Amino acid sequence: MMEIHGEADNSMVSFNEFLVMFDDQEWGFGIMPILVKLETGDRNRHGNYACSVCRYPVIGSRFKEIKCHFNLCNQCYSEGKVPSTFKQEEYKFKEYGTEGEAMKEKCRCLPLQSNNQ
């Protein structure tokens with residue numbers, strides 16, 4: 001009501017009070033469950049891979065080093081960063097735009113087994 005009349009509110013709110021107000025369905029935004037679902041879906045969509053340098057979940061393209069088998073996010077790849085444990089002269093990366101592409105390639109590399117024994 002104070003905001004309607006243009007009066008300033010200088011009262012302090014604790015972090016816990018803010019979380020309650022933020023997630024209130026009637027007076028707040030009520031979006032915390034939605035944010036959790038979005039974050040979970042994003043992590044699942046990207047195969048739960050984390051960048052080997054910055055440790056953040058890989059979102060977008062994933063760059064996998066072929067020999068050492070570590071993963072980089074877009075940012076670390078573009079900056080030329082690699083994990084200190086894998087320092088070498090030359091690297092060969094494969095870019096995967098989606099986890100579907102990675103899965104297709106993985107399936108192509110598996111040997112076919114015959115039912116005839």
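**View 1. Phe63 and its contacts in the predicted model.** Leave out the neighbours within four places in sequence, and Phe63 still touches Phe70, Asn71, Leu72, Cys73, Asn74, Tyr77, Phe93, Lys94 and Glu95. One of these, Leu72, is also the bridge partner of Phe63 in S2.

**View 2. The sheet, with strands in the order S2-S1-S3.** Here we have an open sheet of three strands, paired antiparallel. Strand S2 (71-72) and strand S3 (93-96) sit at the edges, each pairing on one side only. Strand S1 covers residues 62-65 and is joined to S2 by two bridges, with the two strands running antiparallel.

**View 3. The largest nonpolar core, with nine residues.**

**View 4. Lys94, a residue of strand S3.** Is Lys94 buried, exposed or partly exposed? Lys94 counts as partly exposed because its relative accessibility is 31%, and that category lies between under 20% for buried and over 50% for exposed. Beyond its neighbours within four places in sequence, Lys94 has contacts with Arg62, Phe63, Lys64, Ile66 and Glu105. As for Lys64, 30 residues separate it from Lys94 in sequence, yet their C-alpha atoms are 5.3 Å apart in space.

Terms used: Residues are numbered from 1 along each chain as its sequence is written. This is a predicted model: local features need pLDDT of at least 70, side-chain atom pairs count only at pLDDT 80 or more; totals for chains, interfaces and linings use all residues. Side-chain values use heavy atoms; hydrogens and water are left out. Two strands pair if DSSP finds at least two bridges between them. Helices (H or I, at least four residues) and strands (E, at least two) are DSSP runs, numbered from the N terminus. A nonpolar core is a set of buried Ala, Val, Leu, Ile, Met, Phe, Trp, Tyr and Cys residues joined through side-chain atoms within 4.5 Å. Buried means under 20% relative accessible area, exposed over 50%, partly exposed in between (1.4 Å probe, protein chains only). Contact means heavy atoms within 4.5 Å.
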